[in-house]
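Have the viewer open and follow along.

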Amino acid sequence: MLFGAGMVYGGGWLVAAGGTWYYLLAGIGSVISAALIFMRRSSAVYWFALVFIGTLFWTIYESGLDYWGWVPRFDLMLILGIVFAFQLPSLAPGFSKKLSLTLTGIFAVGFIAAAIIPFTALNVTPASDVPTPGKDTFATDTGSGKASSPSSGDWYTYGGSLASQRFAESKEITPENVKDLKLAWQFRTGDLPKTRWGAENTPIKVGDTLYTCTPHNQVFALDAATGKEKWHFDPKVSDKSIPYTAACRGLTWYDATTNSHVTAADNAVAAVPAGSGAENDCDQRIILGTLDARIIQLNAKTGEVCKSFGNGGTVNLAEDMGEIYEGYVAINSAPVVIRNTLVVAHQTIDGQRAFGPPGVIKAYDVLTGKLKWAWDAAAPETSTPKMGPDAYKRGSPDVWTSFTGDDKLGLVYLPVANSSGDYWSSSRTAAENKYAVSLTAINVETGLPVWSFQTAHKDVWDYDQGSQPTLIDYPDKNGQKIPAIIVPTKQGEIYVLDRRTGKSLFGVEERPVPGGGVEPKDRSPTQPYSLFHHLSKPDLTPQDMWGLTPFDQMVCRIQFQKAGYQGQYTPPEADRHTIEYPGYNGGSDWGSVSFDPGRGIIIANYNDMPNLNILVPRKKADELGWKPRDQIPHNPHDTGHAEGAGDPQIGVPYAVNVNAGWRLPFTGMLCKEPPYGGIRAIDVRDGRTIWDRPLGTARRNGPFGLPTGLPINIGTPNNGGSVVTSSGLIFVAAATDDLIRAIDITTGKTVWSTPLPAGGQANPMIYTQNGREYLVIVAAGHHFMETPAGDYVLAYALPEKK
């Protein structure tokens with residue numbers, strides 16, 4: 001009766017919203033059956049049988065052989081069927097006890113089988129035609145300096161080298177012996193923020209030293225063989241400076257004699273005047289960008305500040321940016337050095353003020369800290385540094401994620417984000433509309449654009465560039481090498497461009513997309529789609545709604561029917577929710593992709609989740625008390641929330657409320673059917689999927705935030721990327737199950753995994769020291785992914801040979 005009443009109530013709402021009649025009809029049948037039981041009528045059995053069989057056929061019709069589709073549609077019904085079958089003799093004396101036990105047994109076996117199935121391989125595309133390794137087939141030439149070609153066993157930049165392939169020439173750890181991998185050493189930084197945790201750090205390793213940074217931008221130099229501390233630097237960053245996440249993704253190494261193949265030694269001599277006393281100051285440097293917008297250079301050997309750089313070792317990035325609020329301007333990705341130019345970008349926190357600090361990118365002489373040029377996407381025709389509080393347009397597009405460059409070509413590749421008001425576009429200038437949400441190549445000598453490739457037009461979905469681009473050399477039909485660049489996006493598109501010109505090697509198609517929303521005249525009639533590859537899945541349907549029971553699935557279907565949804569790029573509205581799929585955390589984000597240059601395989605882990613969004617008129621937002629962070633007293637116990645949830649967007653007509661992942665408030669479960677995240681191998685030659693599989697188990701996930709402890713490979717949300725080795729292994733954490741795992745690149749199967757003491761939302765790296773290979777992951781957790789905070793630097797290795 002309770003089951004039927006709930007189905008009737010919710011089913012009526014769903015029918016009124018234009019959805020399926022099943023829930024209402026099944027509820028009515030269940031209520032009738034329950035009433036007949038109370039009346040001691042044997043016809044109750046037939047009414048329940050009608051509901052049971054009808055549910056079975058409806059489930060087959062909607063879900064076919066899709067296991068996850070059966071769960072909410074048939075799990076409770078099967079349990080009710082077991083109870084009903086066991087009670088048959090008392091409900092209807094005409095049925096024998098033998099028949100009752102037979103039906104009970106059949107249903108019970110079905111339930112046990114259903115409980116076993118999720119432990120098998122679901123939603124897997126098996127490996128096929130895996131390319132065999134060649135010799136430097138797709139290796140790239142970005143110059144002859146150490147940043148382009150690190151010494152064997154080193155990890156020179158955030159992505160390994162300027163190519164940012166996240167590839168290690170590692171042959172000691174193999175698919176055959178990876179099962180023997182053990183924790184070699186562990187280091188704890190002691191930096192555990194209570195708010196917005198998520199260091200997202202990948203260490204760098206040069207020589208015998210590993211360098212890592214923490215949520216408060218503390219830098220630790222560790223012995224690469226033992227993990228013992230060599231030195232420690234604390235820039236004293238306040239909690240108030242933490243933007244959306246306390247991220248310190250990476251550090252930058254610089255050595256004037258080895259960094260660049262372009263007159264490095266001459267540059268060093270010219271930059272530091274003879275007799276100044278600074279000639280021997282910091283011949284090897286660690287460059288740190290802080291969450292309070294400082295650029296600090298440290299002596300890589302001692303950790304002491306390099307006094308010859310800037311003002312006593314520090315440059316203030318926020319200079320001439322006008323009014324700056326605490327936590328609004330943060331350097332959370334590693335700066336990049338191309339030749340003798342240090343390029344620094346920053347995050348301007350989203351959703352607070354549409355006309356907050358500008359997103360201008362600045363370039364400095366790497367040795368002296370002198371400002372060389374400043375490029376602002378809102379005024380792209382000039383790079384001459386400006387002075388004064390109004391030097392740059394307020395709220396102009398920033399570059400918050402990791403980027404890279406080509407030392408040989410003299411270009412830096414900037415994944416340009418959006419203007420500060422993510423979900424409103426009418427106030428943007430023509431220049432912002434051209435350069436926002438693009439990959440833009442800047443001449444490092446002039447600071448001016450060489451080319452720009454846009455991946456979303458007039459974006460109002462927070463589809464800014466999140467992934468660091470990857471550089472490869474692509475053989476053409478004549479055997480000549482084309483300098484190319486791989487560009488993954490949040491939408492799931494993967495582009496391969498000529499990095500000299502920005503022209504696609506595989507083609508791009510402009511396809512019609514939905515119009516309307518609150519700014520119909522500002523919506524682009526088309527959006528770009530890659531003809532190489534995409535990670536996104538087909539548009540959502542009501543059948544894709546999910547839950548653990550028919551009740552939460554029914555709520556999600558009601559929300560789907562009431563929301564605006566015309567497919568990808570459905571514009572946001574103010575009078576009803578709209579569905580954004582993929583959501584802003586969908587496709588590829590800041591973890592980016594890894595690349596095996598010998599096999600020519602792209603490894604992309606990705607998210608597959610929608611967002612449920614609604615614009616909130618300014619008056620209503622004011623009534624709700626939504627204010628920008630600078631008008632709210634600092635709360636040291638604020639653990640953060642999903643980006644876009646109750647964001648005020650001061651300066652434009654609408655605030656925004658984003659339900660990231662489209663979760664139900666009472667269970668915390670996502671409305672879309674699993675999987676929610678996966679990992680895929682892609683052949684760079686033609687964009688073919690080699691294999692694909694869910695990434696992440698349910699061991700740390702479950703309804704109401706309770707971990708199930710089950711190793712079901714459901715495919716969880718993930719943040720962070722992978723590293724691939726020449727021996728044929730992929731190492732990745734990223735998922736919300738707090739595991740780091742090794743995957744065989746030839747099969748897509750996990751061949752090793754181990755639990756982490758905190759969330760693994762960071763890119764792992766691999767290095768060699770004293771002939772021994774180490775896998776390193778920073779386990780610091782992430783507030784957005786709701787994984788436990790930590791301060792661990794963990795190194796795994798095979799047992800030492802006796």
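**The disulfides, one by one**

The S-S bond of Cys 282 and Cys 306 has a torsion of about -110°, so this disulfide is left-handed. Cys 282 sits in the loop between helix H7 (264–271) and strand E8 (284–289), while Cys 306 sits in the loop between strand E9 (294–299) and strand E10 (314–316), so the bond ties together parts that are 24 residues apart in sequence. Helices (H or I, at least four residues) and strands (E, at least two) are DSSP runs, numbered from the N terminus. The sulfur atoms of Cys 282 and Cys 306 are 2.0 Å apart; a disulfide here is a pair of cysteine sulfur atoms within 2.5 Å. Cys 282 and Cys 306 are both buried, where buried means under 20% relative accessible area, exposed over 50%, and partly exposed in between (1.4 Å probe, protein chains only).

Before going on, please keep in mind that this is a predicted model: local features need pLDDT of at least 70, side-chain atom pairs count only at pLDDT 80 or more, and totals for chains, interfaces and linings use all residues. Residues are numbered from 1 along each chain as its sequence is written, and side-chain values use heavy atoms, with hydrogens and water left out.

Another of them joins Cys 213 to Cys 248, with an S to S distance of 2.1 Å. This pair links distant parts of the chain, 35 residues apart: Cys 213 is in strand E4 (residues 209–213), and Cys 248 is in the loop between strand E6 (229–233) and strand E7 (252–255). The torsion about the S-S bond of Cys 213 and Cys 248 is about -105°, so the disulfide is left-handed. Both cysteines, Cys 213 and Cys 248, are buried.

Next, look at Cys 556 and Cys 671, whose sulfur atoms are 2.0 Å apart in a disulfide. Here the linked parts of the chain are distant, 115 residues apart, with Cys 556 in helix H9 (residues 550–562) and Cys 671 in the loop between strand E31 (654–660) and strand E32 (677–683). The link of Cys 556 and Cys 671 is left-handed, with -80° about the S-S bond. Cys 556 counts as buried because its relative accessibility is 0%.

Finally, turn to the surface. Phe 38 lies in helix H2 (residues 22–38) and is exposed, with a relative accessible area of 64%.
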